[in-house]
Amino acid sequence: MKKTPQPARKPEPETATGAAPVLPQLTTAVEQNVKPVVTEAQRTAAETSVSGRRAVSRGTIFLAFYLWLLSGAIMISLIARYTQFFPGDKTIARNLQRQRKPWIRQFMIAISEVGFPRIGIPLTFSIAGIFWILRFRLEAIFVLLTASSNILNTIVKHLIKRPRPTKELVTVARVINEPSFPSGHVMQYMNLFGLLDYLLAT
């Protein structure tokens with residue numbers, strides 16, 4: 001006699017202490033707590049955005065200022081290509097390094113750490129994510145593109161080939177095996193935070 005196959009039993013839903021209900025609960029919590037905050041932030045961002053004419057006017061001023069800075073940077077780069085030190089380089093470095101106050105050292109280290117990839121990359125993505133959530137999609141893409149300054153920095157460094165100061169001249173806090181000019185940290189800060197200034201103004 002042939003047996004009729006029994007239908008497979010569906011697994012019982014897990015209790016409140018199991019893993020199954022966790023996702024719906026998390027989704028509900030996000031909708032109740034995070035979504036209203038994001039919606040309010042989007043509304044505020046939309047309301048505080050300036051008019052197109054004012055944005056163009058402010059943007060033109062910023063671009064003119066940027067071109068002025070860029071021309072100065074090119075001039076300094078040419079000087080750096082043919083000189084080992086700028087006037088006052090060693091004096092300023094030594095005077096800063098004579099400051100033995102712990103808070104000054106910690107402050108300098110904190111500023112410097114932001115320029116290294118392990119903090120700089122997540123920071124850039126986080127800022128871009130905020131702009132994306134606030135529906136400034138084009139601005140978010142431009143924030144991400146500021147990371148390309150590392151490529152430009154590498155090219156310029158190898159064109160200028162300016163050596164880093166040695167331990168006989170200054171106190172070397174960290175050995176970095178690449179030319180010293182232009183500073184990768186400064187280029188990243190100018191690109192990222194300079195763009196943020198521009199976006200907030202326009």
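The stops below begin with the whole chain and then turn to individual elements and residues.

**Before selecting anything**

This is a predicted model, in which local features need pLDDT of at least 70, side-chain atom pairs count only at pLDDT 80 or more, and totals for chains, interfaces and linings use all residues. Residues are numbered from 1 along each chain as its sequence is written, and side-chain values use heavy atoms, with hydrogens and water left out.

**The whole chain**

Display the protein chain as a cartoon. It holds eight helices and zero strands; helices (H or I, at least four residues) and strands (E, at least two) are DSSP runs, numbered from the N terminus. Read from the N terminus on, the elements run α-α-α-α-α-α-α-α.

Of the 202 residues, 18% count as buried. Buried means under 20% relative accessible area, exposed over 50%, and partly exposed in between (1.4 Å probe, protein chains only).

A contact here means heavy atoms within 4.5 Å.

**Select α3 and α4: the nonpolar patch**

Select residues 89-98 for α3 and residues 102-113 for α4. Then show the side chains of I92, L96, W103, F107, M108 and I111, which make a nonpolar surface patch of about 640 Å². Patches are made of residues with over 30% relative accessible area and no salt bridge; like charges are joined within 9 Å, and nonpolar side chains (Val, Leu, Ile, Met, Phe, Trp, Tyr) within 5 Å. Both α3 and α4 supply at least two residues of the patch, and the largest share, four residues, comes from α4. L96 has its place in helix α3.

Now centre on I111, which lies in helix α4. I111 counts as partly exposed, at 36% relative accessibility.

**Select R118 and E113: the salt bridge**

Which side chains meet in a salt bridge? Those of R118 and E113 do, at 2.8 Å from N to O. A salt bridge is a side-chain nitrogen of Lys or Arg within 4 Å of a carboxyl oxygen of Asp or Glu, and by this rule the count comes to one. The two partners can be told apart on the surface: R118 is exposed, with a relative accessible area of 61%, whereas E113 is buried, at 13%.

**Select α7 and α8: a helix crossing**

Select helix α7, residues 149-160, together with α8; α8 covers residues 184-201. The axes of α7 and α8 come within 10 Å and cross at roughly 145°. Axes are lines fitted to C-alpha atoms, for helices over the stretch in contact, and angles run from 0 to 180 degrees between N-to-C directions. S149, L152, N153 and K157 of α7 make the contact with G184, M187, Q188 and N191 of α8.

Zoom in on Q188. Is Q188 buried or exposed? At 12% relative accessibility, Q188 counts as buried. Leaving aside residues up to four places away in sequence, Q188 touches V114, G115, G120, T124, S149 and F193.

**Select the loop between α7 and α8**

P179 is found in this loop and is buried, with a relative accessible area of 17%. Not counting residues up to four places away in sequence, P179 touches K157, K161, R162 and R164. Phi of K161 is near 55°, a positive value in a residue other than glycine.

**Last stop: R135**

Select R135 in the loop between α5 (117-133) and α6 (137-145). Phi of R135 is near 70°, a positive value in a residue other than glycine. Most residues other than glycine have a negative phi. R135 is exposed, with a relative accessible area of 58%.

Note on methods:
Accessible areas come from the Shrake-Rupley method with a 1.4 Å probe; for residues, only the protein chains shown count as cover.
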